[in-house]
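Subject: Structure handover

Hello,

Here is the structure for you to look through. My notes on what was found follow below it.

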2 protein chains.
Amino acid sequence: MLSRMAKVQQRALSRAYSTKKEKICMVGSGNFGSALVRILGRNALRHDVFDNEVRMYVHEEMIDGKPLTQIINETNENVKYLKGAKFTKNVIADPNLESATKGATMICFCLPHQFLKPMMPKIKAAAAPGVKVLSAIKGIDFDENGIVLISDILRKELNADCSVLMGANVANDMASDAFCETTIGYRDQKNGELFKLAYDDFSLKVGTVQDTVGVELCGALKNIVAIGAGFVDGLGMGGNTKAAIIRIGLKEMVKFCKMFYPTAGISDDTFLESCGVADLITTCYGGRNRKCAEAFAKHGKTKSLDQIEAELLGGQKLQGTLTAKEVNHILKMKGLEHEFPFFTTVYKIAYTDTPLSALTTTPY
Amino acid sequence: MLSRMAKVQQRALSRAYSTKKEKICMVGSGNFGSALVRILGRNALRHDVFDNEVRMYVHEEMIDGKPLTQIINETNENVKYLKGAKFTKNVIADPNLESATKGATMICFCLPHQFLKPMMPKIKAAAAPGVKVLSAIKGIDFDENGIVLISDILRKELNADCSVLMGANVANDMASDAFCETTIGYRDQKNGELFKLAYDDFSLKVGTVQDTVGVELCGALKNIVAIGAGFVDGLGMGGNTKAAIIRIGLKEMVKFCKMFYPTAGISDDTFLESCGVADLITTCYGGRNRKCAEAFAKHGKTKSLDQIEAELLGGQKLQGTLTAKEVNHILKMKGLEHEFPFFTTVYKIAYTDTPLSALTTTPY
C-alpha cells in the first residue's frame, strides 16, 4: 500500500503530466500568416507553457523546382511571401494538413476564407481534443440568411472556442519588427489570454477585448471605408474631406455591428482598439483597397474596378470590393440601405452609374 | 380704452418687434477665422433669423500702404490670410472692436487666446444683453490651479452662454468649399442649434453634441498626439506604427478628459465626432505640429524644437509644443505622469534628453 507521502508525489506527477505544453499550429503561410508565425516561433521559445515546435501548414508549391516547404525549413524564411524575414528554427513548414495540425492544442487560421471549409474535417480529426482556435482572417461570409462570421464557421466545424486577431498590421512592416499593435477578441478569457501570450512581443503589443464579433466585423467593414477614402484621393480632395469620410465610415461600422448583432455584447471600446480606429487609419492611408479605388476615381469611372484590380494587383483579389457588394446585398435584402447611406453610396459608385460626386453630396 | 382685438394686435406687434434678428460678429480674421466668416456671410443671407450684415473684427494692419479692412471691404477678400476666396458682400471688416461687436447677439471667437482678456471689457459693454458666444479657439490656458478652458474665460468675462466649434477644418481646403465636417459642442441646446444654423452649409456639415468640455479638449490635446505622429514620420517608421501611436494618443485624450472633468458629462460619442477622431487624423497626417516634429526627429534631436519652429514657420508658434509643455506641467503638479505615459513621453522626447526610441519602447 502506498504511503501518504507517495500518494501526494504521485498526484503531483500526474498533474505535471496532465499540464502538457500547448502545441501551436498556423494554418496559412501567406504574407500576414508568415509575419504572425514568425512571432509565434519566438514566443514559443520564450514561454514554458508552449511546446517549442510551431508548425505551419503550407499549401505546397514549387519555387525554381524546389518545394516551398523545403526552402522554408532549410532557410528559415518564406522566400515567396515574406522575403527577408527569418523565422526562428523551431518554425516547421509542413505541406500535409493532417500532420501539421496533429495533436495541436492551439490553431491559428490565416488564409482566404474560401479555402476553409474543405479543410475542417481533416483538422477536426487531427487536432487535440478541446483545441482552441484563433482566426486572423479578415473578411466575412454570407449565406441566404445574411452574414456568416468566419469565427462561427470555425466554432461550428471544429466544435472549438474561437478567438479573433485583427489590427493595424501591415505584414511587411511587422517583419522588420517595427512597433505595432493588434487586438485579440475573445469569448473565453483564459483562451484569449493564452493567445495573447503567444503573440505579445517586444514589437507587437496585443490588446484584448471580450468581444469577438466587433473585432471581426471591424476587420471586414474597414475595407469598405478604405474604398471611400480611395475615391477621395482619386478626386484630389484634401485632408478635411478624407477625415470626414473616414469618420462617417467609422460611425456606420459601429452602427452596423450594433444593429446586426444587438445581443453579442459589442463594446464601444472595441472601436478605439487597434482593430478599430488604428486598422481603419492604416487601411485608408495605405492598402490595396484604397489604391485601386483611387485609380478608379482618377480615371473618372471609365474603367471598372474589376479591370483596375486586374491591372494593379496581378491576380490578387480585393477584399473591400467583395465586402462592399455582399454588405449591400444584405442591406438591400433587409430594406436597410437608407440606414447606411455611406456603405450604400460607396457600393453604388463602385458598381452602378452613380457619379463620384455622390460621395460628398449624399446626406449622411 | 383699447378694444380687446386692438390689445391682441398690439401684443402680436410687440412680439414681432421683440424677435429681432440675430446680429453675428466674428472676432478674429486669421486663416481659420476668415474661412469661418465666409460661411457665416453666406448663411446670414440664407436664413431669415439672421441679420444680413456679418461683422468681422480685424486687427488692423497696412498692406502695401492700404489698411487691410479697407481692402477686405473693397475686394470682399482677406488678401493676407485667405487669399483667393471671396466673401459675400455682407461681410464687413471693422478695425474697431466696439463698433464691430456693438449690438451683436452672436459673437464667434477665432484668434490666439492670449489676445482675449484685454478685449473682454469692451466687448461686454458693446454686445447685446444676453449675447451668445462661440469659441473656435484651439488651445487651453493654465493657471496655478490647473487647466483653464477658453470657453470658461468667455463665460466668466462676458457672463454669456458659450458653445465651442472644433473639427477637421484646414482653412484653405474650406475656402475652396471642399466637403468637410465640424462639431459644435453646446451647453444650451437652443444656442447650439442656432450656431449650427449659422455654420451648416452645403460644404460644411455641422454635428452637435451636448459636451463643450470634451469638444474643446479634443481641439487642444490632439496637437500633442500630432507631435508623436511627427516623430514616427521622422524616424521613417511605417503605417502600423503611426496608427498605433495615434490610437494610443486618442486613448489618453479620452482618459485625460474623463479624469480631469469627471462631472462635465464628457460623452464617448464626442470622440467619434469630427472634433475627435477626424481632426486627430487630419492633424497627424497634415498640419504644422506633425511637420516640425518630423524634422526634429529626422535631425536626430540635434536641433531644438523651438529652433525648428523658427526655421520652418517663420515666426508662427506651434500650438502642440505649448500644449505638451503645459499638460506635462499639470500632470507633474498632480503626480499623474505615470497615468499618461504617451503624453509624458512626447513631452520628454521634445524637451529633455529622453531618446526618440522611447516613443516605441515605453509601455503604454
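Arg247(A) sits in helix 10 of chain A. Helices (H or I, at least four residues) and strands (E, at least two) are DSSP runs, numbered from the N terminus. Please note that this is a predicted model: local features need pLDDT of at least 70, side-chain atom pairs count only at pLDDT 80 or more, and totals for chains, interfaces and linings use all residues. Residues are numbered from 1 along each chain as its sequence is written, chains are lettered from A and ligands numbered from 1 in the order in which they are written, and side-chain values use heavy atoms, with hydrogens and water left out.

Is Arg247(A) buried or exposed? Arg247(A) is buried, at a relative accessible area of 7%. Buried means under 20% relative accessible area, exposed over 50%, partly exposed in between (1.4 Å probe, protein chains only). Leaving aside neighbours within four places in sequence, Arg247(A) is in contact with Glu181(B), Leu272(B), Glu273(B), Ser274(B), Val277(B) and Ala278(B). Contact means heavy atoms within 4.5 Å.

**Where chains A and B meet**

33 residues of chain A are in contact with 34 residues of chain B. The area buried between the two chains is about 3,000 Å². Carbon and sulfur atoms give 62% of that area. Buried area is the accessible area (1.4 Å probe) that two parts lose on being put together, summed over both. Phe179(A), Asn240(A) and Arg247(A) supply 26% of what chain A buries against chain B, more than any other three residues.

The rule finds 6 salt bridges across this interface. A salt bridge is a side-chain nitrogen of Lys or Arg within 4 Å of a carboxyl oxygen of Asp or Glu. Glu273(B) forms one with Lys251(A), with the closest N and O atoms 3.1 Å apart. Helix 10 of chain A gives the largest share of the side of chain A that touches chain B, 12 residues. The residues on that side divide into 19 nonpolar, 8 polar and 6 charged. Here Ala, Val, Leu, Ile, Met, Phe, Trp, Tyr, Cys and Pro count as nonpolar, Asp, Glu, Lys and Arg as charged, and the others, Gly among them, as polar.

There is also a network of salt bridges linking Glu181(A), Lys205(A), Glu273(A), Arg247(B) and Lys251(B).

**Asn169(A)**

Asn169(A) lies in the loop between strand 10 (162–166) and helix 7 of chain A. Asn169(A) counts as buried, at 8% relative accessibility. Its side chain makes a polar contact with the side chain of Thr182(A) (2.8 Å). A polar contact is a pair of N or O atoms within 3.5 Å; within protein, one must be able to donate a hydrogen and the other to accept it, and residues adjacent in sequence count only if both atoms are side-chain atoms. Contacts of Asn169(A) beyond four places in sequence include Phe32(A), Leu204(A) and Asn240(B).

**Salt bridges within chain A**

The structure holds 48 salt bridges over all chains. Glu22(A) pairs with Lys132(A), the closest N and O atoms being 3.2 Å apart. This pair links distant parts of the chain: strand 1 (residues 22–27) and strand 7 (residues 132–135) of chain A, with the two residues 110 apart. Glu22(A) is buried, with a relative accessible area of 13%. Lys132(A) is buried too, with a relative accessible area of 13%.

Lys303(A) forms a salt bridge with Glu311(A), at 3.0 Å between the closest N and O atoms. Lys303(A) is partly exposed at 23%, and Glu311(A) is partly exposed at 47%.

Best wishes
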